[in-house]
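Here is a friendly walk through one protein model, meant to be read with the structure open beside you.

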Amino acid sequence: MKVIAVIGSGTMGNGIAQVAAQAGWSVALCDANPEALQKALGTIKKSLERLAEKGKLAEAPPTIWDRIRTTAAIETAVGNADLVVEAVPESIDLKRRIFEAIDGAAPAHAVLASNTSSLSIASIAEAVSRRDRVVGMHFFNPVPVMALLEVVRAKETSEETVAFAVATGLAMGKEPIVVRDMPGFATSRLGVLLGLEAMRMLEQGVANASDIDKAMTLGYRHPMGPLQLTDLVGLDVRLAIAEHLHRELASEAFRPPEILRRMVAEGKLGKKSGRGFYTWEGDKAS
């Protein structure tokens with residue numbers, strides 16, 4: 001593989017673009033919003049500089065940086081891509097429109113992957129003709145740091161495509177797991193459930209947010225508590241996933257708590273808005 005196209009330059013998209021460039025591939029980062037692309041490039045540059053300062057890069061940041069190009073046109077981004085990774089918001093209609101456009105412009109051999117954390121890969125693949133070459137590649141935030149890659153196999157996904165996604169993840173320095181195309185896959189189903197229960201505990205006054213999180217970081221050795229993780233992911237994103245899982249699994253365990261709905265309505269979305277279960281100043285939560 002030589003060329004990866006990443007559609008969507010938000011938190012996940014720019015992280016995927018960065019690790020792909022670090023792995024030595026040419027990257028086409030695509031977003032319809034020019035300001036989002038410029039912000040993404042700034043994020044990538046700062047991330048590479050931090051990694052270089054810590055001695056965690058095999059190459060100088062400018063060498064990696066030069067492998068990334070940007071474009072607002074999907075057709076330009078995917079025209080010679082071997083792999084296309086979609087990383088747009090969690091809307092099935094939006095993802096289908098993106099995949100339809102990709103399918104019409106990408107080479108016949110290209111693998112088409114979605115970074116969705118919960119939506120059905122088979123449902124997304126309905127928009128394309130090459131359903132055997134559609135796979136889930138669910139990265140985790142922050143992508144340059146988190147080791148896990150969840151590879152999601154739909155019913156029509158070929159073994160060759162799954163093997164390609166796994167090999168790509170390994171080349172990026174990730175630890176891939178392979179799961180079936182079920183609502184929430186493995187990670188979102190478990191992670192969202194823990195986060196929702198933590199919110200219910202906060203609602204009920206069991207403990208404050210910091211102590212609930214410490215219960216998991218100190219008691220169960222989780223690297224981050226469920227409420228701080230929700231802030232990092234985005235409360236709006238968690239709400240959308242919870243609503244989807246509640247609907248698809250018909251389980252009350254996934255019904256979004258009132259506190260989550262209220263905070264999203266108030267614009268308290270977590271780190272990206274500066275307020276969530278914690279107050280954020282840059283990368284620091286208090």
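Helices, like strands, are DSSP runs numbered from the N terminus, and a helix needs at least four residues. With that in hand, look at Gly 234, which follows helix H10 and has a positive phi, near 115°. Please keep in mind throughout that this is a predicted model.

**Helix H10 and its surroundings**

H10 covers residues 226-233, and its buried residues are Pro 226, Leu 227, Thr 230, Asp 231 and Leu 232. What do these buried residues pack against? Their partners are helix H8 (187-203), helix H9 (209-217), helix H11 (235-249) and strand E9 (280-281). An α-helix has 3.6 residues a turn, so residues three or four places apart point the same way. Val 233 also belongs to H10, but this residue is partly exposed, with a relative accessible area of 28%.

**The chain as a whole**

Stepping back, the protein chain has twelve helices and ten strands. Its radius of gyration is 19 Å, close to the 19 Å given by the globule rule for 286 residues, so the chain is as compact as a globular protein of that length. Along the principal axes, the C-alpha atoms fill a box of roughly 55 × 45 × 35 Å. Of the 286 residues, 48% count as buried. Among contacts with a separation of 6 or more, 65% come from residues 24 or more positions apart.

**Two helix pairs**

Let us start with helix H1 (residues 11-22) and helix H2 (residues 34-53). Their axes come within 10 Å and cross at roughly 50°. H1 and H2 are therefore oblique to each other, and H1 passes H2 in a right-handed crossing. On the H1 side, the contact is made by Asn 14, Ala 17, Gln 18 and Gln 22, while H2 brings in Ala 40, Thr 43, Ile 44, Ser 47, Leu 48 and Leu 51. By class, the residues of this contact are five nonpolar, five polar and no charged.

Now turn to H8 and H9, two of the helices that H10 packs against. The axes of H8 and H9 are 10 Å apart, and the two helices pack at an angle of about 140°. H8 and H9 are therefore oblique to each other, and the crossing of H8 past H9 is right-handed. Leu 194, Ala 198, Met 201 and Leu 202 of H8 meet Ala 209, Ile 212 and Met 216 of H9. Which classes of residue make up the contact of H8 with H9? There are seven nonpolar residues, no polar and no charged.

**Loop residues worth a look**

| Residue | Relative accessible area | State |
|---|---|---|
| Asn 141 | 17% | buried |
| Phe 185 | 6% | buried |
| Pro 89 | 58% | exposed |
| Ala 250 | 70% | exposed |

Asn 141 sits in the loop between strand E6 (134-138) and strand E7 (148-153), and Pro 142 is in the loop between E6 and E7 as well. What kind of peptide bond joins Asn 141 and Pro 142? The bond is cis, with omega about -5°. Leaving out residues up to four places away in sequence, Asn 141 touches Thr 11, Met 12, Met 146 and Leu 232.

Phe 185 lies in the loop between strand E8 (175-180) and H8, and its phi is near 50°, a positive value in a residue other than glycine. Ala 250 is placed in the loop between H11 and helix H12 (258-265); the phi of Ala 250 is also positive, near 50°.

Finally, Pro 89 is in the loop between strand E4 (83-86) and helix H5 (92-105). Beyond its neighbours within four places in sequence, Pro 89 is in contact with Leu 94 and Lys 95. Pro 89 and Ile 44 are 45 residues apart in sequence, and their C-alpha atoms are 20 Å apart in space.

Technical notes. Residues are numbered from 1 along each chain as its sequence is written. This is a predicted model: local features need pLDDT of at least 70, side-chain atom pairs count only at pLDDT 80 or more; totals for chains, interfaces and linings use all residues. Side-chain values use heavy atoms; hydrogens and water are left out. Axes are lines fitted to C-alpha atoms, for helices over the stretch in contact, and angles run from 0 to 180 degrees between N-to-C directions. Angles under 35 degrees count as roughly parallel, over 145 as roughly antiparallel, 65 to 115 as roughly perpendicular and the rest as oblique. A crossing is left-handed if the near helix is turned anticlockwise from the far one by less than a right angle, and right-handed if clockwise. Contact means heavy atoms within 4.5 Å. Ala, Val, Leu, Ile, Met, Phe, Trp, Tyr, Cys and Pro count as nonpolar, Asp, Glu, Lys and Arg as charged, and the others, Gly among them, as polar. Buried means under 20% relative accessible area, exposed over 50%, partly exposed in between (1.4 Å probe, protein chains only). The radius of gyration is taken over C-alpha atoms; the globule rule is 2.2 Å times the number of residues to the power 0.38.
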